[in-house]
Amino acid sequence: AASVASAGGMLEREEESEAEVRREDQDNINKFGRLNARLHELRDERNALKKSLERMDDASTELMMASGDKVMLYLGEAFFEATEEEATEFCEAKVEELQEKLNALQEEENAIVEEQDELKKILYGRFGKSIQLEEK
């Protein structure tokens, strides 16, 4: 029978699980790993979106303090002249778009965490302390 070692090294003999790693177990372990990778991607995306949202918020604040002059709006690789009102509308639309993306990422993250919790119950139930699923 194969034993499963934790990331921390071999465990004491009585803590070690002698459970055979079945195909189903390996599929669950692989699925957990894929979910974990996606979770990290999601969190990175979310952090980047939050920074963009902060920049848009800062831009909106600057526009509020403007004196009704024409402003330069940076889109893609170029600047465009716009009225304060047009720039404010652009910022508001962009904030709404970013917030919707942020909400979608949060929903996906919640679903992944829920699915990982289910997999942890199954895998810890089968292998006990001889499997390491928590991050250090």
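Helices (H or I, at least four residues) and strands (E, at least two) are DSSP runs, numbered from the N terminus. The model shown is predicted: local features need pLDDT of at least 70, side-chain atom pairs count only at pLDDT 80 or more, and totals for chains, interfaces and linings use all residues. Residues are numbered from 1 along each chain as its sequence is written, and side-chain values use heavy atoms, with hydrogens and water left out.

**View 1. Overview of the chain.** The chain contains two helices and two strands, and its elements follow the order α-β-β-α from the N terminus on. Of the 136 residues in the chain, 27% are buried; buried means under 20% relative accessible area, exposed means over 50%, and partly exposed lies in between (1.4 Å probe, protein chains only). Among the contacts in the chain with a separation of 6 or more, 64% are between residues 24 or more positions apart, where contact means heavy atoms within 4.5 Å. The chain exposes about 9,500 Å², of which carbon and sulfur atoms supply 50%. Accessible areas come from the Shrake-Rupley method with a 1.4 Å probe, and for residues only the protein chains shown count as cover.

**View 2. Arg46 in helix H1.** Arg46 belongs to helix H1. Arg46 counts as buried because its relative accessible area is 15%. With neighbours within four places in sequence left aside, Arg46 is in contact with Leu102, Leu105, Gln106 and Glu109.

View 3. Glu45 has its place in helix H1 and, with a relative accessible area of 37%, is partly exposed. Apart from residues up to four places away in sequence, Glu45 touches Arg38 and Leu105. Glu45 and Leu105 are 60 residues apart along the chain, and their C-alpha atoms are separated by 8.1 Å. Lys50 likewise lies in helix H1; its relative accessibility is 38%, so Lys50 counts as partly exposed.

View 4. Strand E1 is joined by five bridges to strand E2 (residues 78-82), and the two run antiparallel. Two strands pair if DSSP finds at least two bridges between them. Met72 stands opposite Glu81 in E2, while Leu73 has Phe80 in E2 as its bridge partner. The hairpin has two residues between the strands, and Gly76 takes a positive phi near 65 degrees.

**View 5. The largest pocket.** The largest pocket has a volume of about 200 Å³. On a 1 Å grid over the protein atoms alone, a pocket is an open set of points where a 1.4 Å probe fits, with protein on both sides within 12 Å along at least five of seven lines; lining residues have an atom within 4 Å of a point. Grid points are joined across faces, edges and corners, and a volume is the space filled by probe spheres set on the points. Helix H1 (23-65), strand E1 (71-75) and helix H2 (84-127) each supply at least two lining residues, and H1 gives the most, with four. The residues that line the pocket are Met56, Ala59, Glu62, Leu63, Met72, Leu73, Tyr74, Ala87, Phe90 and Cys91. By class, the lining has nine nonpolar, no polar and one charged residues; Ala, Val, Leu, Ile, Met, Phe, Trp, Tyr, Cys and Pro count as nonpolar, Asp, Glu, Lys and Arg as charged, and the others, Gly among them, as polar.
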